[in-house]
Each structure stands twice: as structure tokens, then as C-alpha cells.
Amino acid sequence: MSNQGVKKVNNPVRWGIISTANIACAKLIPAMLASEYCEVKAIASRSADKAREKAEQFGIEKAYGSYEELLNDPDIEAVYVPLPNDQHIDMVMAAAAHGKHVLCEKPIALNATEALRLRDIPDNILVAEAFMVRHHPQFDILRQQLRSGEHGKLQTVQILLSFMLDNPGDFRFDVKKGGGALFDLGCYTVMTARYLLGREPERVFCSMARSAGNGTDETTHAILDFGQGQQVTLTVGLKMAASQRVQVVCEKSLLDLSAPYVPGKGSPATLWIDSHAGLDDAAPQPRVLPVVEQYQCEATNFSRAVRGEMVPEFGVEDAISQMRVMDALFASDMSGKWQEVAK
């Protein structure tokens with residue numbers, strides 16, 4: 001697919017891609033090319049040859065051999081940043097200083113102190129952490145169900161997300177680059193908890209199993225206490241069989257997203273709701289949702305926000321709050337005790 005493959009709106013947002021990372025080439029560039037609101041105008045890499053190769057592959061007009069060249073291009077309005085985690089915040093700040101709107105891969109920073117730098121970005125520059133799942137209708141519908149009141153008070157949420165990462169050279173096995181299960185997968189589960197409860201946890205408890213070889217957390221278990229008797233438990237892992245689950249237990253119902261983070265290709269997302277009182281008469285009822293491409297929804301929604309057609313729900317302050325919870329989880333693992341979340 002190329003920029004010529006989809007009919008665009010009159011004034012699509014002109015995007016630049018910072019890096020030829022796999023997530024960009026496999027997910028975001030195809031998603032942008034498929035969106036009527038996006039036009040991918042440039043791609044940059046530290047290797048000019050690599051940039052030209054990807055530009056030719058996707059029909060992108062400009063290829064740059066440095067990130068600075070792309071940022072200096074006055075034709076680029078917004079950039080997507082999929083660099084290793086430790087490079088995110090500096091690139092976001094640099095792009096914003098060049099007047100570019102920024103969609104940055106998660107985590108947007110390695111701690112809340114870094115994330116606080118985002119407050120220096122002018123209000124007219126949009127910045128968002130790239131949680132594509134928040135743009136899938138299944139998450140919004142689940143939240144609507146919880147807010148409707150028909151299922152009673154939310155009591156607990158259990159979240160599981162894991163897969164087997166077997167590439168020893170991957171940056172996710174490098175502590176200095178922000179590797180590990182909590183940064184790679186746990187940020188999704190923390191975001192999910194905050195999204196569904198609609199507020200920040202008061203305290204957290206975290207336990208990590210770290211690699212003897214590289215020091216990254218291969219498996220992380222955590223409890224997020226939101227007060228009012230409401231807790232979220234989560235498990236994430238980079239050395240486990242692929243699994244994903246979000247289960248919400250309310251007073252009257254169990255609500256279950258069986259594929260919350262990576263819906264099957266070509267298959268609909270399904271929200272299962274079971275409102276039977278007894279274990280022996282459980283009969284979950286499916287609510288099947290339309291098939292969508294969540295990365296395309298993410299790119300479209302951000303671009304529409306750039307054009308002023310919608311107000312983004314999540315921005316700088318959400319990213320800072322997210323990192324405060326992540327900080328507390330790391331601190332709890334170090335201390336072996338409950339850790340309060342900074343306000």
C-alpha cells in the first residue's frame with residue numbers, strides 16, 4: 001500500500017516517521033496509509049539506505065538519513081516516534097520544539113520526572129502516548145457498561161498479558177534502554193486499570209522475577225489499590241505463552257474481554273457478559289463488535305484532533321499520571337512493600 005492507495009480528505013495531516021522500527025513498518029505506517037486523514041510524507045533513519053528502502057517500499061516521498069533532517073522539514077506537521085524507550089522523551093521534546101505534533105510509543109518516558117518535561121510543551125502542540133487499544137471500540141463499550149450501573153459496583157479487575165520474546169538482541173532485554181515486562185506490557189495493563197476505574201490508584205504492590213542474565217523483569221505481578229474496596233491485579237511476562245485477558249467482576253455481572261489487546265486478524269472483538277448469580281448456571285452472553293484496525297483508528301483520531309475535529313481525551317497530564325503509577329510499581333518491587341502513588 002502507498003499514499004496513493006486510499007482517497008484522502010481535502011487536507012490530511014502530513015506525517016513523518018522517526019525510525020524504521022518494526023512497529024512503525026508493520027503497524028503504524030500501513031495504518032496511516034489506510035487512513036483518509038493521514039499522508040505519510042517522510043521517514044527517517046540513522047541509515048540513509050534504510051530510510052530509502054522503506055520509503056520505496058511504502059511509496060513515501062522523502063527519506064532522511066537523520067532524525068534532525070526530518071524535524072527540520074517544514075512540510076511535516078506531525079511525527080510518530082517508535083524509538084527504544086530510553087529515547088522517547090528527548091525525541092518528543094525535540095519534535096515539539098520544531099513545532100511538530102507528536103504521537104509517541106509507550107512508555108513516553110522512563111519515570112515521572114522525565115514525563116513532567118512534557119508540561120513545557122505549548123498547548124497548541126498535541127502530544128499523546130500511543131496506546132492504540134484505547135481507540136478500539138471494545139474498550140469504550142466496556143467502560144460504558146461499567147458506568148451504566150446495571151452491573152452494580154465494580155469490585156475487582158484481573159488482567160493478563162504475556163508472550164514469548166526469544167530475540168536476545170532485542171532492546172527489551174536491556175535495562176538501560178527501558179526494557180522489561182513492566183515497561184513493554186505492564187504499561188498497557190496499568191493504562192487499562194486507570195481507564196476502567198476512571199481515577200488513579202492510591203497505592204500499589206509489585207513483585208518482579210528478573211533475568212539473571214540481563215536484569216530486566218521477565219515476569220511482573222502487581223496489585224493496584226484504588227480505594228473503596230476496588231483493586232486490580234495484573235500479571236505480565238516476556239517469557240510466557242501468549243495470553244491476554246481483561247476480566248471485570250462487578251456486584252451483578254462478570255464482564256470479560258477475551259482479546260483486549262490484540263484482536264484476532266479478521267475476527268470480531270467480543271465482550272462476554274455473564275449476569276447469572278450462581279457458578280453452576282453460568283451462561284456468558286457475547287456482544288460481538290465490528291472488526292476494526294485499532295492502529296488505523298489511533299492514527300485517524302490523532303489526525304482529526306490535529307485538525308480540530310475532535311478533542312483528544314488523553315494527553316500530557318494522562319501520560320504524567322501513568323508514569324507516576326509505573327514509578328510506584330518499581331519502587332514497591334525494590335522495597336517489598338506497598339507504595340503510595342504520588343499525586
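Colleague: How many disulfides does the structure hold?
Modeller: The structure holds zero disulfides, a disulfide being two cysteine sulfur atoms within 2.5 Å. Cys 104 is in none, and the nearest cysteine sulfur, on Cys 187, is 11 Å away. This is a predicted model, where local features need pLDDT of at least 70 and side-chain atom pairs pLDDT 80 or more, while totals for chains, interfaces and linings use all residues. Residues are numbered from 1 along each chain as written, and side-chain values use heavy atoms, leaving out hydrogens and water.

Colleague: Cys 104, buried or exposed?
Modeller: Cys 104 is buried, at 0% relative accessible area. Buried is under 20%, exposed over 50%, partly exposed in between (1.4 Å probe, protein chains only).

Colleague: And Cys 250?
Modeller: Cys 250 also counts as buried, at 7%.

Colleague: New topic: what volume does the largest pocket have?
Modeller: About 1,300 Å³. Its lining has 48 residues, with Ile 23, Lys 27, Arg 172, Tyr 188 and Tyr 295 closest to the centre. A pocket is an open set of points on a 1 Å grid over the protein atoms alone, where a 1.4 Å probe fits, with protein on both sides within 12 Å along at least five of seven lines; lining residues have an atom within 4 Å of a point. Volume is the space filled by probe spheres on those points, joined across faces, edges and corners.

Colleague: Which helix gives the largest share of that lining?
Modeller: H1, with four residues. H1 spans 22-34, and H7 (181-197) is among the other elements that supply at least two residues. Helices (H or I, at least four residues) and strands (E, at least two) are DSSP runs numbered from the N terminus.

Colleague: How do the lining residues divide?
Modeller: Into 24 nonpolar, 13 polar and 11 charged. Ala, Val, Leu, Ile, Met, Phe, Trp, Tyr, Cys and Pro count as nonpolar, Asp, Glu, Lys and Arg as charged, and the others, Gly among them, as polar.

Colleague: What about the second largest pocket?
Modeller: That one is about 550 Å³. Among its 30 lining residues, Ala 128, Pro 312, Glu 313, Phe 314 and Gly 315 lie nearest the centre. H8 gives the most, four residues.
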